[in-house]
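Opening my notebook on this one. I'll jot down what I looked up, in the order I got to it.

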Amino acid sequence: MVKNATVYGKCNNPHGHGHNYTVQITVSGQVDPVTGMVCNLVDLDGFARKNIVERFDHTNLNTLDCFAQKVSTTENLSIEIYHIFKGFTAAHVERIHVEETSNNSFDYAGNGIPAPGTI
Amino acid sequence: MIFLTRKAEFSSAHFYWNDAWSPEENERVFGKCANRNGHGHNYTLEVTVGGDVDPVSGFVVDLKQLKDILEREVVSVYDHRHLNLEVPEFAKAIPTTENIAIAVWNRLDNKIPNAKLHRVRVYEMPDLFADYYGEL
């Protein structure tokens, strides 16, 4: 208990706390010469709504299976969202950006080191 | 590797002037920024660090610790100061947004435990910022 309070400070309140998270997904691909699109934004929105918003919005992250064995830091949330978005096949997922507050944000682009300028 | 960005703000005064040039040349190149009485900005600093998530804590860096490092190394030195007159690295270098980004990088490099400094972004105004990734 003491160690948790020392490491996590006010984030260790046993009653939990909340954030208004903002997630940005960057995908890449060639522009389809017929549609003029990389991918249909309606498809991207639908995927995000079904797999991210419906799953995480107004839930207690700590109660979800994906955080049963991991602390629900925004680092781990970003990695989880990245892996979920790997299921979006209409374009290549480059990067996940998650804002926890207006002062803190996280970027994850998989295991590789992204090229300078991309993050 | 995951990247964490922390924001901080400071308000500072500066002017642009190159002693090797005539006053006319300074005014021609720097315009109103050459006013020797100085002028101020509310700067926003975004510092991005990269590292691996500690499997025990779930953190790359403790955000509170990163906030304290930014405060100690940068904000406490720059905030409500005249950069040209009171901050040593600008005794020679003109405190442009570019040079401020480089100076912040030099102040923070190797000061952040368990993470590597990835990018320093300095906003002089909401529509103007400079990025520095170190020497590439």
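I started with the largest nonpolar core: it has 43 residues, and B:Ile2, B:Leu45 and B:Val104 touch the most other members. For the record, a nonpolar core is a set of buried Ala, Val, Leu, Ile, Met, Phe, Trp, Tyr and Cys residues joined through C-beta atoms within 7 Å. Buried here is 20 or more other C-beta atoms within 10 Å of a residue's own, exposed is 12 or fewer, and partly exposed is in between, with C-beta atoms placed from the backbone. From chain A, the elements that give two or more residues to this core are H3, strand S2 (92-99) and S3. From chain B they are S1, strand S2 (39-51), helix H2 (63-78), helix H4 (97-108) and strand S4 (116-125). Elements are DSSP runs numbered from the N terminus: helices are H or I with at least four residues, strands are E with at least two.

**Ground rules**

I'm reading a predicted model, where local features need pLDDT of at least 70, side-chain atom pairs count only at pLDDT 80 or more, and totals for chains, interfaces and linings use all residues. Residues are numbered from 1 along each chain as its sequence is written, while chains are lettered from A and ligands numbered from 1 in the order in which they are written.

**Confidence in chain A**

The pLDDT is the predictor's confidence in each residue, from 0 to 100. Chain A has a mean of 91, with 98% of its residues at 70 or more. Among its elements, H3(A) has the highest mean pLDDT (97), and helix H1 (residues 2-8) of chain A the lowest (84).

**Chain A overall**

I counted 3 helices and 3 strands in chain A, running α-β-α-α-β-β from the N terminus on. Its C-alpha atoms fill a box of roughly 60 × 35 × 25 Å along the principal axes. Of its 119 residues, 20% are buried. Among contacts in chain A with a separation of 6 or more, 54% are between residues 24 or more positions apart; a contact is two C-beta atoms, placed from the backbone, within 7 Å.

**Where A meets B**

How many residues of each chain are in contact with the other? I get 18 residues of chain A and 18 of chain B. On the chain A side, helix H3 (74-85) and strand S3 (104-108) are the elements giving two or more residues. S3(A) gives the most, with 5 residues. That side divides into 8 nonpolar, 7 polar and 3 charged. Nonpolar covers Ala, Val, Leu, Ile, Met, Phe, Trp, Tyr, Cys and Pro; charged covers Asp, Glu, Lys and Arg; polar takes the others, Gly among them.

Then I followed S3(A) across: it pairs with strand S1 (residues 2-14) of chain B in the antiparallel sense over 5 bridges. Pairing takes at least two DSSP bridges between two strands. A:Asn104 has B:Arg6 as its bridge partner, and A:Phe106 stands opposite B:Leu4. A:Phe106 turns up again among the contacts of B:Ile2, which also include A:Glu75, A:Ile79, B:Gly50 and B:Val60.

**S1(B) within its own chain**

S1(B) pairs antiparallel with S2(B) over 13 bridges, with B:His14 opposite B:His39. S1(B) also runs parallel to strand S3 (residues 81-82) of chain B, joined by 2 bridges, and there B:Ala13 stands opposite B:His82.

Is B:Pro23 buried or exposed? B:Pro23 counts as exposed, because it has 10 C-beta neighbours inside 10 Å. B:Pro23 lies in helix H1 (residues 23-30) of chain B.

How values were computed. Lists of a residue's contacts leave out its neighbours within four places in sequence.
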